[in-house]
Amino acid sequence: MGRFLCSVVTVMVLITNIAFADDFVKNEEFFNAVKKYVNNNYAGEITDDELYDGAIKGMFEKLDKHSMYMDKETKESFSQSVSGKMFGIGALINAKDGKLKIVEPIEDSPAEKAGLMPGDIIVAIEGERLGEIKDIREVINKIKGDKGTNVNLIISRGGKEFKVDIKRDEIKIKSVKYRVIEGDIGYIKISQFTTNVADEVQVAVDELKKQGIKKAVLDLRGNPGGSLSAVVEVSKHFVPKGKVVIVRDAKDKVINHYSKGEVAFDKLTVLVDENSASASELLSGAIQDTKSGTLIGKTTYGKGTVQTVLPLKNGEGIKLTIAKYYLPSDRSIDGTGVTPDIDCDRFDIDVEKLMELNKDMKLSKGNAGFEVLAVQERLGAMGYDISDPKGIYQDSTFKAIEKFQGDNGLYAYGVADVTTLNKINEEFVKYMTSDKMDKQLKKSIEILNK
């Protein structure tokens, strides 16, 4: 008992000396004393490595949300995203207002096949409910996994929740897609500014110009950003010669980056949304500042800071904000984003108001309910004629399903079986992300044709 009291007194003296000394400062000596106290008195199991990890991560929690200490798994995931290759469900995901949202399912990905749509909110992973999202990397790592393994998600859409099992696969992200839309109008979509994006954009520009394209739509929607050097190199095709981005570091040193000014098209529109961030905001903002194109869509994310990654020998890494971005007009986008010249919604219909489609059932003539309504809504949106009362499976619903089955190589017998319902879901997702439902793209074409 005497030894115990002596120990308590010693500890109290230690802490008293640390906390109330006249020259008390929170320095390395203080840290080591606290660490020693924890090691000697914590009624649990903890290692020095774990204490150091916790201290370092705590340090980064006091910085901005883009700075972080990355463990091996997070560092590997970050490197994969920059290189454009990863394993998972194949969806662009963003954390907004503390919620994990689907920005857009990648074409032909497991996420698209499972019916995930832009705006869907992931509320649980493997049965674990998500609270306010503070570290998106940590959450995304739970969704990613080995090829062929399944992940169970609970999705919220329009206030209603449903479960979905998705089989993971290798996701190959193509940074750039391009095509001719009509006449002399071309389309270039940049999904993210990966290390090889400049070469891919060069190919897209060259091929479109060979086909006589003089006007273009540059699609930066859902683009989370990427390499500063890549966006500066890409800017030459869309921004006149001159300043394209200003970088101010922690010591107020200013570095100007310039476009080479090899503008490829006579007329340009740029599509942006609330998930266009960082490098994509720099490019769209520079185009707006130089009046070299018209921005259409929604106000962008508002990330105007520069991060650098310091890889560590143990496979971990430090991602640190080292500077701030400014547009050619010297305006900051951090926290405010870029406001488009023309505000425009993306879809012709309100996705959040759609009834959820239950794909694990069988519907036939005479059935009624929300499941029938969900089928009718999707077929109607895709152009199939349905005149039956809402939610009631009668003759026109039967004929619409029969026609859909025939159009998609299925046995055409008018019964919405599991195979048919899954196909309806898959085709509807594709339809929603097609040109026919894209109001922003339609507005772009209208502007370019003036």
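These legends describe close-up views of charged side chains in a predicted model.

**View 1. Arg168, a buried residue without a salt bridge.** Arg168 sits in the loop between strand 8 (160–167) and strand 9 (169–172). The nearest side chain of opposite charge is Glu126, 4.7 Å away. The side chain of Arg168 does reach the backbone oxygen of Ile143, at 2.7 Å. Beyond its neighbours within four places in sequence, Arg168 is in contact with residues including Gly88, Lys142, Ile143 and Val151.

**View 2. Arg346 and Glu104, a buried salt bridge.** The closest N and O atoms of Arg346 and Glu104 are 3.6 Å apart. This pair links distant parts of the chain, 242 residues apart. Arg346 lies in the loop between strand 19 (342–343) and helix 10 (370–381). Glu104 belongs to strand 4 (residues 99–105).

**View 3. Glu128 and Lys142, a salt bridge between a strand and a helix.** The N to O distance is 3.5 Å. Glu128 is in strand 6 (residues 128–129), and Lys142 is in helix 6 (residues 136–143). Glu128 is partly exposed, because its relative accessibility is 44%. Lys142 is also partly exposed, at 35%.

View 4. Glu207 is partly exposed, at 28% relative accessible area. Lys210 is exposed, at 65%.

**View 5. A network of salt bridges.** Lys189, Asp219, Arg221 and Asp438 are linked here. The whole structure holds 26 salt bridges.

Key:
Residues numbered from 1 in each chain as written. Predicted model: local features only at pLDDT ≥ 70, side-chain atom pairs only at ≥ 80, totals over all residues. Heavy atoms only, no water. Helix = DSSP H or I, 4+ residues; strand = E, 2+ residues; numbered from the N terminus. Buried < 20%, exposed > 50% of the residue type's maximum accessible area, 1.4 Å probe, protein only. Lys, Arg positive; Asp, Glu negative; His and termini not counted. Salt bridge = Lys/Arg side-chain N within 4 Å of Asp/Glu carboxyl O. Polar contact = N/O pair within 3.5 Å; in protein donor to acceptor, adjacent residues only side chain to side chain. Contact = heavy atoms within 4.5 Å.
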